Amino acid sequence: VRASTLDTVLIRQGGQAIATEARNKGPGVQVLLGPAVNIHRSPLGGRNGEYFSEDPFLAARLAVAFIQGVQSEGVSACIKHFDCNNQEADRNNVNVVFSERALREIYLPAFKAGVQEGKVWSVMSSYNLVNGHHSSANAWLLNEVLKKEWGFDGEVMSDWGGVHETDVVQAGNDLEMPTGEHMSVPKLKTALANGS
């Protein structure tokens, strides 16, 4: 519904209002899990209602406005689900295979704008695999594109239960949500000790 306005000022104001509400909840929310900017690929996409648009340019413009609104109130926005989270069926195991051109022209622009223009503080990796690697363990997406190419210096968190091995930390995933089953202190110490 927000995306149908095509009004970046209104989207920014909405982000500010949501962040104000978040800060006023109990001890206060520090990270808002949004905006969700994946591209609509199918009308059956279970999370389509969260996403801004099927158009990469529009999704990028609205993402920047929303992020700026949220973060202007001192709450971290967390742009999600990086990347290609377009279906709910078998979402933890589906391997989304795209050419680099398709990724860069359709699926990455909203994330890139959120990082470079919106200055988002947090990015959430998605459940699915992208070109053979789970997003939380996709070094090309997280290290090469997000951190090196785009200059992102914030925090990358997994989607809930989206980490499947300890070495995701080398691929650029900084925080496992919610419990740290694979990125627990003992497992990370073991991995450091054995060089993995």
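Mentor: Start with the term itself: a nonpolar core is a set of buried Ala, Val, Leu, Ile, Met, Phe, Trp, Tyr and Cys residues joined through side-chain atoms within 4.5 Å. Keep in mind that this is a predicted model.

Trainee: Which residues touch the most other members of the largest nonpolar core?

Mentor: Ile79, Phe82, Val120, Val123, Leu146 and Trp150 do, in a core of 42 residues. Helices H1 (8-23), H2, H3 (100-107), H4 (109-116) and H5 (139-149) and strand E2 (76-82) each supply at least two residues of this core. H2 gives the most, with 10 residues. In soluble globular proteins, nonpolar side chains tend to be buried together.

Trainee: What makes Phe52 and Phe66 an aromatic pair, and which geometry does the pair have?

Mentor: Ring centres must lie within 6.5 Å, and planes over 60 degrees apart count as edge-to-face. Phe52 and Phe66 are 6.4 Å apart, centre to centre, with 70° between the planes. Therefore they pair, and the pair is edge-to-face. Phe52 lies in the loop between E1 and H2, and Phe66 in helix H2, so the pair ties together parts that are 14 residues apart in sequence.

Trainee: Are Phe52 and Phe66 buried or exposed?

Mentor: Buried means under 20% relative accessible area. Phe52 has 6%, so Phe52 is buried. Phe66 has 3%, so Phe66 is buried as well.

Trainee: How many aromatic pairs are there in the whole structure?

Mentor: A search finds four. There is also one aromatic cluster, formed by Phe82, Phe111 and Trp150. Phe82 and Trp150 are also among the residues that touch the most other core members.

Trainee: How do you know whether Gly45 and Leu33 are buried or partly exposed?

Mentor: Both lie in the loop between E1 and H2. Gly45 has 12% relative accessibility, under 20%, so Gly45 is buried. Leu33 has 35%, between the 20% and 50% cut-offs, so Leu33 is partly exposed.

Conventions: Residues numbered from 1 in each chain as written. Predicted model: local features only at pLDDT ≥ 70, side-chain atom pairs only at ≥ 80, totals over all residues. Heavy atoms only, no water. Helix = DSSP H or I, 4+ residues; strand = E, 2+ residues; numbered from the N terminus. Buried < 20%, exposed > 50% of the residue type's maximum accessible area, 1.4 Å probe, protein only. Phe/Tyr/Trp six-rings, centres within 6.5 Å; stacked < 30°, edge-to-face > 60°.
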